[in-house]
Amino acid sequence: MTAEFARRAIALLLLGGSAWAAPPLPAEAPGRSLGTVTCANSLCHGSITEWTESNVLQTEYVTWSRHDAHARAYTVLLEPEAQAMARRFGLKQPAQEAKECLDCHAHNVPETQRGERFHLADGVSCEACHGPAENWLAAHVAPEASHAGNLARGLYPAEQPRARAQLCLSCHSGNADRFVSHRLMAAGHPRLSFELDTFSAIAPAHHRVDADYRQRKPGADDGVQVWAMGQALAVSEMLAILMHPTRGRDGLFPELVLFDCHACHHPMSDRRWQPAPGLGAGPGVVRLNDSGILMLQAIAGQLDPLLGGEVQSRIAQLQLAVAGQGEVMLSARRLNALALRVADRIEQHRFDDADLRGIGLGLIDAGLRGRYRDYAGAEQAAMAIGSVLEGLRRRGALSDAAAANAALQALNAALADDERYRPDIFAQRLRVLRTLLAEATS
């Protein structure tokens, strides 16, 4: 057990949540990283055509290098805007040399763990997701190789929803070690918008889910489970940052990136405040960005109505505490423990057609009750509904996939500009989707 592995496990236990022991992230794992070139041979994963007699495509490197934005994550740091952002933020080094940037724009392992053919310029490379290859590279092509054996040698279990969420969220959402702060956003960094299942699909995937894949990696292709796990762990990470003694503070203020952006970023003439359902906080109170928490409530409610009610109660307590009507740290700790309990349930649950419809209808009904007045909540809801509809389509449980897709496109069109977002238009388009989902249920 590495020190980082133990630290994460102990932290979870201290928070009163799950005892699941997170594997070390690839950048923190033992062993040397050998470089993308070790995977790129045409007889390995660099073939331009799929192999018909192999249980993997063998084209993984080509897909990554040609179509995946991760391959260009480092080169983005060389662009003028990134260079200007680093200067505005006050970094002493240019973006392509600064740890604050490299930790997410490259596989930034210590120099002592870089092989002779390792290059930071490879960006978010093979080993950034699959772990340092020194201990498993040769073994994973041996005739007797198995996926379980590869994992035992240090291959990162990216196919497992919980491990994938831990890895992807570490950059795309942030944690105590890697974090896009409000100050960094003010310096020019784009707003982080992420949902695990949606982004897994558009990466694009460089594997094919077939019978052999399912046999080697059971349960790895359940998109709704991936979505649900991503939401639960995103909530947990956000609350951990909120409670963090330094990450959660910025001088006199709390870390503002954890709050709803548009509560402050709108013209003073725009008197947009309306009471949030279920919360007693009045106008002028800056609310936490609860977009992921609202998704967690929908998930928990489908798994267990009592659990969903408990999540709803804890959400209200936390928002009221942020507004000065309670203890923030206590409320955050309790909700964090609950999020990890939900993650445990998600990990053991296999979502059936009724679950997908129930989650979809729950998300839509929350919007019709006014819960997506903020852009971030609507954005997460749209991506979640997309995952639900795709799950139903793949199972053959969506009677009119073309109509559902058209309605989903219209819903996403309502999110085209966050500064011109209209909750009433979003709600109108949710009603169309509700009719389609309700018809599929009946």
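## Around T38

The side chain of T38 comes within 2.6 Å of the backbone oxygen of G35. Keep in mind as you look around that this is a predicted model. T38 itself sits in the loop that links α1 (3–14) to α2 (60–67).

Is T38 buried or exposed? Its relative accessible area is 16%, and buried means under 20%, so T38 counts as buried. If you skip its neighbours within four places in sequence, T38 is in contact with R117 and L137.

## D210, a loop residue

Next stop: D210, in the loop between α9 (196–202) and α10 (211–216). A polar atom of the D210 side chain lies 2.9 Å from the backbone nitrogen of Y213.

D210 has a relative accessibility of 24%, so it counts as partly exposed.

## Helix α11 and its cap

Now for helix α11, which runs over residues 223–243 and has 21 residues. From its first C-alpha to its last it reaches 30 Å, close to the 30 Å expected at 1.5 Å a residue. What caps the N-terminal end of α11? That's D222, with a side-chain oxygen 3.2 Å from the backbone nitrogen of V224.

How many of the residues of α11 are buried? The count is 19 of its 21 residues, so this helix is mostly covered.

## Helix α14

Helix α14 covers residues 328–348, which makes 21 residues. At 1.5 Å a residue it should span 30 Å, and its end C-alpha atoms are 31 Å apart, so the two values agree.

Which residues are buried in α14? Among them are S331, A332, L335 and N336. Further along the helix, the buried ones include A337, L338, A339 and L340, as well as V342, A343 and I346.

Finally, have a look at L252, F253 and L256. Together they make a nonpolar surface patch of about 330 Å².

Where does L256 lie? You'll find it in the loop between β2 (253–254) and α12 (291–303). L256 has a relative accessibility of 36%, so it counts as partly exposed. Patches are made of residues with over 30% relative accessible area, and L256, at 36%, passes that cut-off.

Methods. Residues are numbered from 1 along each chain as its sequence is written. This is a predicted model: local features need pLDDT of at least 70, side-chain atom pairs count only at pLDDT 80 or more; totals for chains, interfaces and linings use all residues. Side-chain values use heavy atoms; hydrogens and water are left out. Patches are made of residues with over 30% relative accessible area and no salt bridge: like charges are joined within 9 Å, nonpolar side chains (Val, Leu, Ile, Met, Phe, Trp, Tyr) within 5 Å. Accessible areas come from the Shrake-Rupley method with a 1.4 Å probe; for residues, only the protein chains shown count as cover. A salt bridge is a side-chain nitrogen of Lys or Arg within 4 Å of a carboxyl oxygen of Asp or Glu. Helices (H or I, at least four residues) and strands (E, at least two) are DSSP runs, numbered from the N terminus. Buried means under 20% relative accessible area, exposed over 50%, partly exposed in between (1.4 Å probe, protein chains only). The expected span of a helix is 1.5 Å times one less than its number of residues. A polar contact is a pair of N or O atoms within 3.5 Å; within protein, one must be able to donate a hydrogen and the other to accept it, and residues adjacent in sequence count only if both atoms are side-chain atoms. Contact means heavy atoms within 4.5 Å.
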